[in-house]
Amino acid sequence: MKRALISVFDKTGIVDFAKVLDSMGWEIISTGGTSKQLKAEGIRVTDISDLTKFPECFDGRVKTLHPNVEGGILAIRDNDYHKKQMTELGIAPIDIVVCNLYPFKQTILKPGVSHEEIIENIDIGGPTMIRAAAKNYKFVTVLTDPEDYSLVINELKTNGDTSEATKEMLAAKVFIHTSHYDALIAGYFSERLDIKYPKTITLTYEKKQDLRYGENPHQSAAFYAAVKETEGTLPGAIQLHGKELSYNNIGDTDGALETLKEFDEPTIVAAKHANPCGVGSAPTLADAFRRAYEADPVSIFGGIVAANREIDAETATEMAKIFLEVIVAPSFSREALEILEKKKNIRLLQLDHIGEKNTFAQKAKTVLGGLLIQDLDTQLLNEEELKVVTKRQPTEAEMRDLIFAWKVVKHAKSNGIAIAKNLCTTGVGPGQVSRIWALENAIRQGGDRIAGSVMASDAFFPFPDCVEAAHNAGITAIIQPGGSVKDQDSVDAADKYGIAMIFTGMRHFKH
């Protein structure tokens, strides 16, 4: 007689699955609550204690950890020595194992959950059983996902057994599942004990969607979400309209969100290739959008727009005048949706808690053959370290715009320059191999609007050439980290031209 061991926490579909096995003459072995439910449905069940000749004990912590279970799963069926031992020990084979694990993920996500409850939801016997079955997949079918029940039933009805290809596929799912499960447990303890950089690390994410392609059509791609702390991040967004997000949409929108989180006042961030190209703050969101648009009406075309207030009808009307790939906001008014949904391809994303700062997050970056991990750059500046290094002090208006520009340049790829006036960028120069090139690009982009602006640089000036170029363009104040051995050359140049300069003592490289 064929035998199946069924012990599941998630009982979705298990009764129907077991009824089919029962009707086909299989012996069903089960444990605890699963056994009770199957018996209540009239299914013939052998309790696990009848198989092991030992009672379930320690509040169910021990029930399947027994040679009659593990031996019945792991014995190699076409090995004469194994068959002889099975006979001598009175162990019968187990041909199907159906098991899903204690809900560790759901437990750690519960608000206010205790450490004791988390510990009790670390499964021990389940992973042991399914790993054993997966190791012996040539002879044992192992199921951890209710979605696979129908596949196995169809093959049993058609062929009398599960094909080896299906068994191997199901075994692979086991090891993917248990590695995810164990990574969550390791992550929990690392977080609890503040182990930021353990000797070895296993990161785990859950697939959110397959993507049509990656950065380019010849590259495949998928989007994965972290299990915890996704509030206010792109994986937590709800798409309200438009075709599915592409790989580049996701990367660019994430860049826009990182910049947006620096601002508390009504702000619009327009981004291209994950760099801010136009940023505007104003008393109303519609005015903030107009400022962001006017900052760079060329680059915003086909770009990403992120807002930290609800998109209202007035703002939506302005947005609808141009082609945008993505708009992400905490909400959209009914009138705004009616306006924007007329544009077939625009993606509209609703993201609650869009201003969440994600203070404790880390950021990972792959390199060929390796992984870099660092704390997220959550600091802006330390006000106590701000130092005016020139003879002229910045005015109150300049100071306001300097802090605004500093927030923007923090999120421009290095070497980065941000130029701003009246809480609006007038030029952004990201991602150049030379700082003077970044500045020249920003000045060229801003044109006549640069005069009277202030400038932020993500790192120090090694030469006074940037100060000279700033003066020639009409820039009146500069904020930069300082720290070059030639800082005084830049300070002297600023004094020469009557430019106010502030050192922050903190750089914001973004590579």
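Residues are numbered from 1 along each chain as its sequence is written. In this predicted model, local features need pLDDT of at least 70 and side-chain atom pairs count only at pLDDT 80 or more, while totals for chains, interfaces and linings use all residues; side-chain values use heavy atoms, with hydrogens and water left out.

View 1. Ile91 belongs to the loop between α5 (80-89) and β4 (96-100); helices (H or I, at least four residues) and strands (E, at least two) are DSSP runs, numbered from the N terminus. Ile91 counts as buried because its relative accessibility is 13%, buried meaning under 20% relative accessible area, exposed over 50% and partly exposed in between (1.4 Å probe, protein chains only). Leaving aside residues up to four places away in sequence, Ile91 touches Pro67, Asn68, Gly71, Gly72 and Met86, a contact being heavy atoms within 4.5 Å. Thr52 is 39 residues from Ile91 along the chain, and their C-alpha atoms are separated by 9.7 Å.

View 2. Asn68 is part of helix α4 (residues 67-74) and, at 15% relative accessibility, counts as buried. A polar atom of the Asn68 side chain lies 2.8 Å from the backbone oxygen of Leu51. Beyond residues up to four places away in sequence, Asn68 touches Leu51, Thr52, Ile91 and Ile94.

View 3. The strands form an open sheet in the order β3-β2-β1-β4-β5, with parallel pairing; two strands pair if DSSP finds at least two bridges between them. At the edges are β3 (46-47) and β5 (141-143), each pairing on one side only. The parallel strands β4 and β5 are joined by three bridges, and Val98 has Leu143 in β5 as its bridge partner. Helix α1 (residues 14-23) lies across β1 (3-8), β2 (27-30), β4 and β5, at about 170° to β1. Axes are lines fitted to C-alpha atoms, for helices over the stretch in contact, and angles run from 0 to 180 degrees between N-to-C directions.

**View 4. Packing of α16 with α17.** The axes of helix α16 (residues 435-446) and helix α17 (residues 465-473) come within 9 Å and cross at roughly 10°. Helix α16 is therefore roughly parallel to α17, a description given to angles under 35 degrees. Arg435, Ile436, Leu439 and Ile443 in α16 meet Asp465, Cys466, Ala469, Ala470 and Ala473 in α17. The residues of this contact comprise seven nonpolar, no polar and two charged; Ala, Val, Leu, Ile, Met, Phe, Trp, Tyr, Cys and Pro count as nonpolar, Asp, Glu, Lys and Arg as charged, and the others, Gly among them, as polar.

Technical notes:
Polar contact = N/O pair within 3.5 Å; in protein donor to acceptor, adjacent residues only side chain to side chain. Parallel < 35°, antiparallel > 145°, perpendicular 65-115°, else oblique.
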